[in-house]
Amino acid sequence: MPVATFLDFLRRKQRFLLTGHENPDGDCLGAQTALYHLLRALGQEVAIVNPDPVGKSFDFLLRHTPFQHARAEEQLPGFDVVVLLDCCQLSRVGVLGQRLAQQRPTIAVIDHHVGSEQGDGTVCYVDAKAAATGALVRRLYRELGVPLGAAAAEGVFLSLVADTGWFRYSNADAEVFAMAGELVASGVDGSRIYDAMYRRNHPDSAALLADMLGRHRLRLDGKLAIASLDKALMERAGRADFDTDAVLDPLRSIEGVEVVALLKERFDGAVKCSLRARGDVDVQAIVAAFGGGGHKKAAGATMKMPLAAAEAAIEAAVQQAVAALPTRAR
């Protein structure tokens, strides 16, 4: 959908409910922050209600932006439109998505994942080449001629650093660096955001990271690094508010590793799988077979099978993907 059509839709509506996927990450929350302040500047009514509360790593956003969550809300605020950010299906919004679906709302989608224009949105602003959903919201500000305030600028910056790994990943393109320079020039304090996200860890965090890394195994002649976290370890992580994705980068740094798989056993018996690629393997294509999605180098899925079965299925799928690569890319 052309951006002009999407903007016309935003102008014509009055009451918005912004939401995103379960356990919202930095891109989701940052994009919500920026869109919240954009809609407020346009004179619209807007509320953010997520399926889960804002985690400790991102609670600095609460200084300037009100976030609600479904666990605490008995009654949802009134709305004409639900805007899904950083996802495209109500099924990604958990129990809150089921509640919203019962009201048969008009759904808008702002996302940068492959295929998001085919989700639940009646209107969509999707660009799979964009590094982050927050970058798309920044573009909306420009199209509308609305100045980017301090709170929105912090939200966009958070989106960018969350989904580019603080500018280390290959999706850190010219647009990302141009936006980041603009945001820092406007007063965003990157070092303070970094400290808020990564330097307030629980005393058990170092031991947790060591235990989780100790679960990793190298498979497929060292091309796959896989770590499986059972319920007991996930419960420990929950008590310490520890981001288990911290395991991914150390494993991706191992020479020869093409794909990292992090498997997390959920309390309902399903397994949350997160894949990261360093080379030419398309992990989005791998998780698509399990109903997941994402990007070529970062994707995930929820697998409804026991942990051991999920590990075997991922290993087989990665083996097939690696075997299909041209010889020079292996």
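Let's start with Gln32. Gln32 is buried, with a relative accessible area of 0%. Keep in mind that this is a predicted model. Gln32 sits in helix 2, which covers residues 26-41. What does Gln32 touch, leaving aside its neighbours within four places in sequence? The contacts are Leu18, Thr19, Gly20, Ile48, Asn50, Phe67 and Leu85.

Stay in helix 2 for a moment. Gly26 belongs to helix 2 as well. Is Gly26 buried or exposed? Its relative accessibility is 2%, and the cut-off for buried is under 20%. So Gly26 counts as buried. Set aside the neighbours within four places in sequence, and Gly26 is in contact with Phe58, Leu158, Ser159 and Ala162. One distance for you: Gly26 and Leu262 lie 19 Å apart in space, C-alpha to C-alpha. In sequence, 236 residues separate Gly26 from Leu262.

Next, the cores. The largest nonpolar core has 54 residues. Which of its residues touch the most other members? They are Leu18, Leu35, Val83 and Ile110. Take Ile110. Beyond four places in sequence, its contacts include Phe6, Leu35, Val83, Leu84 and Leu85. Ile110 also contacts Asp86, Tyr125, Thr133, Leu136, Val137 and Leu140.

Now a helix pair. Helix 5 is residues 150-164, and helix 6 is residues 174-185. They pack at an angle of about 140°, and their axes are 10 Å apart. The crossing is left-handed. Which residues of helix 5 meet helix 6? On the helix 5 side we have Ala153, Val156, Phe157, Leu160 and Thr164. On the helix 6 side we have Val176, Met179, Ala180, Leu183 and Val184. Sort that contact by class: 9 residues are nonpolar, 1 is polar and none is charged.

Strand 7 and strand 8 run antiparallel, joined by 4 bridges. Arg219 stands opposite Leu224 of strand 8. These two strands make a hairpin, with 4 residues between them. In that turn, Leu220 has a positive phi of about 55°.

How many residues of strand 8 are buried? 6 of the 6, across residues 224-229, so strand 8 is largely enclosed by the rest of the structure. Here is a general point: side chains in a regular strand alternate between the two faces of the sheet. Look at strand 8 itself. Leu224, Ile226 and Ser228 point one way. Ala225, Ala227 and Leu229 point the other way. All of them are buried.

On to strand 9, residues 259-265. Strand 8 and strand 9 run parallel, and 6 bridges join them. Ile226 has Ala261 of strand 9 as its bridge partner.

Last stop: strand 10, residues 271-277, and strand 12, residues 298-303. They pair in the antiparallel sense, over 6 bridges. Cys273 stands opposite Ala301 in strand 12. Thanks, everyone.

Key: Residues are numbered from 1 along each chain as its sequence is written. This is a predicted model: local features need pLDDT of at least 70, side-chain atom pairs count only at pLDDT 80 or more; totals for chains, interfaces and linings use all residues. Side-chain values use heavy atoms; hydrogens and water are left out. Axes are lines fitted to C-alpha atoms, for helices over the stretch in contact, and angles run from 0 to 180 degrees between N-to-C directions. A crossing is left-handed if the near helix is turned anticlockwise from the far one by less than a right angle, and right-handed if clockwise. Contact means heavy atoms within 4.5 Å. Ala, Val, Leu, Ile, Met, Phe, Trp, Tyr, Cys and Pro count as nonpolar, Asp, Glu, Lys and Arg as charged, and the others, Gly among them, as polar. A nonpolar core is a set of buried Ala, Val, Leu, Ile, Met, Phe, Trp, Tyr and Cys residues joined through side-chain atoms within 4.5 Å. Buried means under 20% relative accessible area, exposed over 50%, partly exposed in between (1.4 Å probe, protein chains only). Two strands pair if DSSP finds at least two bridges between them.
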